[in-house]
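The following paragraphs lead through one part of a protein structure. Please keep the model in view while reading.

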Amino acid sequence: MISANNVTLRIGKKALFEDVNIKFTEGNCYGLIGANGAGKSTFLKILNGQLEPTNGSVSVTPGQRLSFLQQDHFKYDAYPVLDTVIMGNRRLYDIMKEKDAIYMKEDFTDEDGIRASELEAEFAEMDGWNAEADAATLLNGLGVDTEHHYAMMSDMPGAMKVKILLAQALFGNPDILLLDEPTNNLDLDAIAWLEEFLITFDNTVIVVSHDRYFLNKVCTHIADIDYAKIQLYAGNYDFWYESSQLMIRQMKEANKKKEEKIKELQEFISRFSANASKSKQATSRKRALEKIELDEIKPSSRKYPYIDFRPQREIGNEVLTVDGISKTIDGVKILDNVSFIVGREDKIAFVGSNEFAKTVLFRILSGEMEPDEGSYKWGVTTSRSWFPKDNTKIFDTDLVIVDWLTQYSEIKDATYVRGFLGRMLFPGEDGVKKMRVLSGGEKVRVLFSRMMIEGSNVLILDEPTDHLDMESITALNNGLIKFPGVLLFASRDHQIVQTTANRIIEFLPNGSFIDKVTSYDEYLESDEMARKRQVYTMAASDREDN
């Protein structure tokens with residue numbers, strides 16, 4: 001068990017947390033939620049000892065081991081991948097290294113033998129003989145192939161390091177597991193594997209995530225940070241949302257009844273206070289009136305943007321034809337003879353572990369990149385808006401937000417453009433912020449503002465939920481559900497894919513793909529593994545024939 005006891009953290013004059021008392025017990029998974037800036041990551045740092053609170057303390061059951069997801073992706077660059085994972089249980093790793101050092105001695109003494117015997121006993125008790133196999137199982141489950149297990153961390157790309165550090169946090173069955181955004185940079189297959197791991201995990205988990213589907217799958221409780229307090233709810237994210245909304249409705253209804261009673265008492269007192277025969281009753285009602293207190297209903301610190309993509313014109317029957325597109329980059333075949341036709345009712349989610357293939361295809365379709373082979377053709381009635389995964393070049397400008405957005409508006413009026421920024425939670429003065437100084441979340445909301453201004457009937461979005469808080473993701477989800485045009489998108493957010501897409505295209509590691517008209521959950525439940533094997537076999541056969 002881990003608990004916070006009267007924890008207060010002040011940053012300057014502001015109290016981020018104040019007198020927080022909460023217990024996290026064994027066998028439960030707690031989703032830590034709250035608006036951006038509420039202090040979710042900060043609270044995890046207090047729990048794992050990286051940050052000292054201003055007041056109060058954190059206590060852990062004696063003898064229990066706490067593990068957390070490291071955020072420094074360069075910390076282990078000098079170590080092999082497998083060693084990095086095993087370091088998740090530091091004591092076990094130190095025993096392994098000390099044993100190896102003793103056995104490598106040329107002048108092996110009696111004292112060395114005694115020490116080695118002690119270490120071997122502790123090593124066996126910690127199931128050390130299975131350490132490498134257990135680490136490999138975690139890596140494979142998260143999509144880190146065996147060929148990378150003995151490579152150096154410094155040679156691993158960023159997305160792979162995230163998976164390795166997650167495997168490190170999970171390694172060795174920790175008693176308390178703290179995870180800050182564990183699904184970031186994970187593909188949907190890896191997220192699904194992590195969900196199953198946590199569902200069957202018997203110890204204590206505290207997780208921060210913006211993935212609503214993930215929280216619904218794994219959480220037994222929700223810890224909600226709002227107004228420097230943490231309120232605990234039993235149940236998953238959806239249950240928290242319904243419970244919190246129900247609580248507010250009940251408080252409003254109770255206040256309404258109290259207000260009606262107050263009005264009734266006030267009318268009686270006003271009418272009969274001067275009447276001698278009714279004076280006792282008036283006095284009694286005054287006392288009753290003084291006892292009535294309205295419940296204080298604080299508005300949540302959460303703020304939801306308003307995302308509404310409205311096409312300026314209806315789309316025709318001919319939308320997009322992709323014919324035999326192939327692309328090789330740095331000697332690696334990214335797309336291999338990709339062909340499909342997009343209809344006017346299609347909302348296509350591009351999924352699969354081959355994330356680079358999705359990005360390359362979107363860049364080709366948006367005109368940023370040329371294919372090596374094949375072609376594509378957009379229908380004459382289509383207008384497109386493109387949300388790139390990497391927006392670095394877009395924001396490399398000295399323009400302020402309003403001036404930059406005005407370029408994409410038919411109505412060249414700053415007030416009109418500021419209206420779209422207001423929907424995206426930018427106050428009036430923020431319109432003169434320079435583009436290059438915006439945070440990750442602000443950049444995404446500016447791009448959504450541009451897409452709303454453009455009024456296109458085809459939206460191409462490559463991982464639009466990166467850098468967004470839960471409220472913005474919910475608003476985006478609702479906006480995409482309502483959008484009447486064509487969607488081509490990639491997202492790690494399971495709920496967005498499930499509630500938005502009516503067609504799934506999965507890119508496979510060999511550059512080929514599966515195309516199926518279905519919802520995402522139905523796609524996952526179908527026997528796609530057999531279909532994948534068939535595709536791989538056909539692709540291999542084609543290569544042999546050629």
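Contact here means heavy atoms within 4.5 Å. The model is predicted, so local features need pLDDT of at least 70 and side-chain atom pairs count only at pLDDT 80 or more, while totals for chains, interfaces and linings use all residues. Residues are numbered from 1 along each chain as its sequence is written, and side-chain values use heavy atoms, with hydrogens and water left out.

Gln168 is part of helix α6, helices being DSSP runs of H or I with at least four residues and strands runs of E with at least two, numbered from the N terminus. Beyond its neighbours within four places in sequence, Gln168 touches Ser67, Gln70, Tyr76, Thr84, Val85, Met87 and Gly88. Gln168 counts as buried because its relative accessibility is 3% (buried is under 20% relative accessible area, with a 1.4 Å probe and protein chains only).

Helix α6 (residues 158-170) also packs with helix α7 (residues 188-199), at an angle of about 5° and with the axes 13 Å apart. The two helices are therefore roughly parallel, a term for angles under 35 degrees. Lys163, Leu166 and Leu170 of α6 meet Ala190, Trp193, Leu194 and Phe197 of α7. These contact residues comprise 6 nonpolar, no polar and 1 charged; nonpolar covers Ala, Val, Leu, Ile, Met, Phe, Trp, Tyr, Cys and Pro, charged covers Asp, Glu, Lys and Arg, and the others, Gly among them, are polar.

Helix α6 contributes to the lining of the largest pocket as well, with the largest share, 4 residues. At least two lining residues each come from α6, β11 (332-342) and α11 (355-365).

Terms used
Axes are lines fitted to C-alpha atoms, for helices over the stretch in contact, and angles run from 0 to 180 degrees between N-to-C directions. Angles under 35 degrees count as roughly parallel, over 145 as roughly antiparallel, 65 to 115 as roughly perpendicular and the rest as oblique. Buried means under 20% relative accessible area, exposed over 50%, partly exposed in between (1.4 Å probe, protein chains only).
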